[in-house]
Amino acid sequence: MTENVHDQMVSRTRKLINDALIELIEEKGFDGITIRDLTAKAGINRGTFYLHYRDKYDLMEKVQEDILQGFLEIILKLNPYEALKYFSHNTPYPIMVQIFVYLKRNGRILKVLLGPKGDPAFPKKMKDLIRNNIFEKLVKNQGSNLQNGSIAHEYLPAIGTSVNFGVIEQWLENGMVHSPEEMAMIYFKIINLIRSKTY
């Protein structure tokens with residue numbers, strides 16, 4: 001078996017397992033899932049499952065890592081000055097559009113992970129990623145206006161993160177009816193509002 005064929009088989013098996021996880025969380029919640037449930041839903045045997053994951057918790061952790069890593073890779077491309085230039089021309093910033101395209105492509109699993117049947121720890125992981133990468137790039141480091149604003153500096157990350165995470169969560173919950181381009185503009189309008197309220 002060539003390496004390429006092997007990689008394809010591994011990828012296909014993991015997708016079957018990941019899809020099974022999503023469906024089962026929707027049906028019964030993560031706590032109620034067993035390895036037997038996962039293997040039956042994925043159409044594989046237990047031995048195959050254990051070739052890829054130690055247990056359901058390892059599976060959940062790796063699913064979350066993959067989602068967040070993909071999210072982070074796009075976020076790291078953000079250029080705050082370039083983004084504001086696009087916004088000033090009332091044009092969606094392409095990198096922000098990419099972020100929402102990514103979120104939409106992974107909307108089902110994100111909605112499950114952020115929902116009441118998912119992992120209670122996941123929202124904090126996502127908020128930390130937003131605060132440490134999006135908020136600080138696009139708001140906190142935009143200049144002295146934020147540093148000398150009417151809101152104490154240490155609360156700004158909490159405010160920005162909660163508002164922006166809430167926008168993403170609400171969009172997912174509402175079935176992502178607005179396009180990624182529309183969401184990119186909505187996002188920057190909120191960022192601009194936060195900045196203006198700190199003067």
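**Notebook: salt bridges**

I began with Lys15, which forms a salt bridge with Asp19, with 2.8 Å between the closest N and O atoms. I keep in mind that this is a predicted model. Both Lys15 and Asp19 sit in helix 1 (residues 3-28), 4 residues apart, or about one turn of the helix. I also looked up the accessibility of Asp19: at 29% relative accessibility, Asp19 is partly exposed.

Next I wanted the overall count. How many salt bridges does a search of the whole structure find? I got 10.

Then I turned to Arg108. The side chain of Arg108 meets that of Glu26 in a salt bridge, 2.8 Å from N to O. Arg108 belongs to helix 7 (residues 107-114) and Glu26 to helix 1, so this pair ties together parts 82 residues apart in sequence.

My next stop was helix 4 (residues 56-75), where Lys62 and Asp58 both lie, 4 residues apart, about one turn of the helix. These two form a salt bridge, and their closest N and O atoms are 2.7 Å apart. Is Asp58 buried or exposed? I found 6% relative accessibility for Asp58; buried means under 20%, so Asp58 counts as buried.

Last, I looked for shared partners. Which residues are joined into one network by such salt bridges? I noted Glu23, Glu27 and Lys41.

Technical notes: Residues are numbered from 1 along each chain as its sequence is written. This is a predicted model: local features need pLDDT of at least 70, side-chain atom pairs count only at pLDDT 80 or more; totals for chains, interfaces and linings use all residues. Side-chain values use heavy atoms; hydrogens and water are left out. A salt bridge is a side-chain nitrogen of Lys or Arg within 4 Å of a carboxyl oxygen of Asp or Glu. Helices (H or I, at least four residues) and strands (E, at least two) are DSSP runs, numbered from the N terminus. Buried means under 20% relative accessible area, exposed over 50%, partly exposed in between (1.4 Å probe, protein chains only).
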